[in-house]
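Let's take a walk through this structure together. Have the sequence and the 3D view ready, and we'll stop at a couple of places along the way.

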Amino acid sequence: MIRHTAQVLLPVALDRAFTYGVPEGMEVAPGDVVHVPLGRREAVGVVWSGAGEDVPPARLKNIIDKLDRTALPEQLIQFVDWVAAYTLNPRGIVLRMAARGGNPVEEAPRVVLQPTGRSPGRMTPAREKVLSVLAASAQMSKASLAAAAGVSSGVVDGLLREGALERLELPPEPLPSLDPDHHPPVLSDQQQAAATALIEKVRSRTFSATLVEGVTGSGKTEVYLEAVAEALRLGRQALVMLPEIALTGAVIERFAARFGAEPAAWHSTVPSKQRAKTWEAVARGEAKVVVGARSALFLPFRDLGLIVVDEEHDPAFKQEEMPIYHARDMAVVRATLAACPIALVSATPSLETRANAARGRYDHLLLPERFGSRALPTIAVADMVARPPQRGRFIGPDLEGAVRSTLDAGHQALLFLNRRGYAPLTLCRACGHRLQCPNCSAWLVEHRYRGQLACHHCGHNEPIPRECPSCHTPDKLAPVGPGVERLADEVRAVFPEARLSVLSSDLMHGVDQLRAELKTIAEGQVDLVIGTQLVTKGHNFPGLALVGVVDADLGLGTADPRAAERTFQVLDQVTGRAGRGAVAGRAVLQSFDARHPVMKAIVSGERAGFYETEMETREAAGLPPFGRIASLVVSAAERPAAEHFARRLAQAAPRADDLRILGPAEAAIALLRGRHRMRLTVKAPRGFDLSGYVRQWLAEAPQPSGNTTVTVDIDPLNFL
Ligand SMILES: Nc1ncnc2c1ncn2[C@@H]1O[C@H](COP(=O)(O)OP(=O)(O)OP(=O)(O)O)[C@@H](O)[C@H]1O
Ligand SMILES: [Zn+2]
């Protein structure tokens with residue numbers, strides 16, 4: 001007899017699916033979530049399509065049972081396979097992203113009380129009050145009934161016992177439905193044109209990709225909300241992806257104001273019970289709009305009608321841990337599979353997306369002006385060479401003057417410094433020793449508020465020592481350079497009267513506190529804000545008149561080929577927080593290199609010119625978006641092992657036309673979490689199948705042994 005079998009993919013670091021027998025009487029289809037035996041354990045897996053391996057009947061194990069969960073849609077299965085094949089992550093690891101819903105929790109029914117019409121044995125004033133409250137609103141929960149009547153719950157219990165009230169179980173409350181016409185805005189002509197174009201795309205029910213490029217404050221959010229509304233009208237689902245979960249709070253409020261109810265949120269801090277509910281609601285097509293971080297891309301949408309990637313240029317869309325993938329790029333793939341439009345939204349698009357628009361692969365919608373009568377901020381560079389700050393200070397005279405006049409006028413100012421902690425480096429003034437992480441090639445960052453030195457790469461923490469660990473001289477350790485904590489000290493000394501808020505991820509206890517703080521700022525209860533990149537993204541602080549960038553050169557001195565692009569994006573975005581309300585905005589950029597093309601572009605607002613020059617530079621160097629890159633990082637506990645294997649790997653690389661392999665070279669962070677790292681960089685022309693090439697290379701090359709590992713990053717953003 002031929003036994004019926006099924007392929008089951010498990011959410012673990014394996015690429016292949018396993019073959020299991022299907023017991024008599026059980027029916028399974030691709031996407032079904034099942035329990036299977038795995039060694040001596042039990043595991044949850046997903047029935048996959050395609051062939052598994054042949055298993056001799058005697059060794060074939062049966063599926064244990066099928067879970068009571070909505071199956072993963074066919075499209076999600078295809079998507080997992082696609083992402084795994086492109087990124088070279090094992091399929092099981094990618095599946096784990098898609099199966100994150102966890103087990104659905106049986107929802108307790110809502111219990112309410114209602115009158116039976118029978119009178120209690122004895123009537124008291126308290127009992128009368130309860131019954132009269134219920135007469136007005138037929139059903140209530142016990143707690144709210146007692147509260148509304150102003151009696152103890154014992155009174156209600158008495159009425160239940162005597163049969164004057166009865167219990168009723170209601171099904172769980174349905175999700176609030178979003179109304180596309182709840183509160184539509186009046187759009188400007190420019191906004192309306194863009195919105196109409198997007199709405200047309202949603203109606204067409206085919207794949208298209210559109211870059212929505214609009215200056216900060218042009219109303220990009222308002223525009224894509226119209227496309228979301230159209231998806232709602234068609235009864236279809238929409239996914240809106242944001243780079244930062246701190247942003248979701250404000251965005252969800254805007255959605256709620258626009259549609260009369262909150263969309264579903266999906267990110268790492270959503271409690272697991274809620275996640276399970278949301279996962280199911282998305283799978284059943286009941287959750288129509290999801291606002292989430294990159295992992296929302298792996299939700300089991302039933303009928304996806306639109307994807308929006310807001311702040312599409314943001315590097316936070318790239319997940320740097322397993323599975324390594326770029327959520328913006330994979331979102332385009334997802335839209336292709338779903339045959340729906342995708343909108344990539346930004347004030348400063350990535351060069352990749354702009355190049356796709358220039359090649360005509362993406363449509364390009366422009367919003368060149370701010371909404372209403374608001375203007376973009378005027379921007380000036382404060383030359384730190386010509387007019388340096390006082391010794392030991394970081395705010396120069398130009399910026400200090402600008403802050404002072406802003407505060408005097410009763411307006412808000414923001415000082416941006418993308419460095420957490422007190423000082424990025426601690427040095428011994430007796431012997432010159434620099435305090436370094438024991439596990440990484442990185443300096444330890446002083447966090448004075450919590451009295452620790454921390455490594456921002458591995459999370460290592462140690463108390464701040466009193467004496468130098470090298471020469472043992474006491475009290476000679478000195479901070480070098482500023483972090484936001486040190487800047488805060490300076491600000492307190494220079495502007496003692498200002499109400500100050502310091503926004504840095506490590507100073508906030510969770511997303512809720514951060515959101516509360518952002519709200520306080522938006523409401524104008526703070527005069528001066530000091531913030532890291534947390535404050536640059538998409539926030540609306542209506543009273544903010546001045547943005548001061550303390551170190552505008554910070555991102556430029558790196559070997560990252562995208563350094564100029566990144567700096568341009570960050571500076572445009574952070575200066576774009578100024579002047580969004582009634583007061584005009586301005587920005588001051590402190591720079592030691594005032595003539596740098598990035599500073600010039602930001603000051604003059606010559607965006608097109610900047611992009612053109614950057615494109616030319618990239619093209620000349622064969623870098624993305626004109627060429628392709630993959631990187632292979634070999635790491636091992638011992639340096640010689642990493643070096644040796646990296647060399648053997650390089651030797652085993654198949655020859656290919658136009659393809660170059662650089663390295664192995666020591667990675668910029670040569671030691672990370674106690675592992676030595678060597679980097680191989682593959683450069684290929686655009687259109688080259690890099691995933692296929694690297695897959696073949698790794699299959700034919702010697703396999704790493706011991707603790708040596710190889711991490712593949714297709715289209716890397718991070719070159720450290
Ligand atoms: N048509 C409109 N009617 C009323 N208010 C609008 C309209 N368009 C934009 N606004 C308001 O202008 C501000 C900026 O709009 P929005 O946040 O959508 O811009 P954005 O382009 O997404 O900005 P950024 O890229 O800087 O985050 C918001 O407070 C928004 O409510
Ligand atoms: Zn470290």
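With 12 C-beta neighbours inside 10 Å, Cys-431 counts as exposed, because the cut-off for exposed is 12 or fewer. Keep in mind that you're looking at a predicted model. Cys-431 sits in the loop between β19 and β20 (445-447). Setting aside residues within four places in sequence, Cys-431 is in contact with Cys-468, Ser-470, Cys-471 and Thr-473.

Some of those names come up again in the UniProt record. An unreviewed entry there puts a "binding site" at Cys-428, Cys-431, Cys-468 and Cys-471. They're spread over 44 residues of sequence, yet they cluster in space, with a largest C-alpha distance of 8.6 Å.

Now look at Cys-428, which lies in strand β19 (residues 425-428). Is Cys-428 buried or exposed? Cys-428 is buried, because 20 other C-beta atoms lie within 10 Å. Leaving out residues up to four places away in sequence, Cys-428 touches His-433, Cys-468, Ser-470, Cys-471, Thr-473, Lys-476 and Leu-477.

Next stop: helix α14 (residues 510-522). At 1.5 Å a residue, its 13 residues should span 18 Å, and the end C-alpha atoms are 19 Å apart, so the two agree. Within α14, Leu-514, Glu-517, Leu-518 and Ile-521 are buried. They cover an arc of only 100 degrees around the axis, so they lie on the same side of α14. On the face turned away from that buried side, you'll find the exposed residues Asp-512 and Ala-516. After α14 comes Gly-524, with a positive phi near 85 degrees.

Terms used: Residues numbered from 1 in each chain as written. Chains lettered and ligands numbered in written order. Predicted model: local features only at pLDDT ≥ 70, side-chain atom pairs only at ≥ 80, totals over all residues. UniProt positions renumbered as here; feature names shortened; annotations may be inferred. Helix = DSSP H or I, 4+ residues; strand = E, 2+ residues; numbered from the N terminus. Contact = placed C-beta atoms within 7 Å. Expected span 1.5 Å × (residues − 1). Arc of directions from axis to C-beta.
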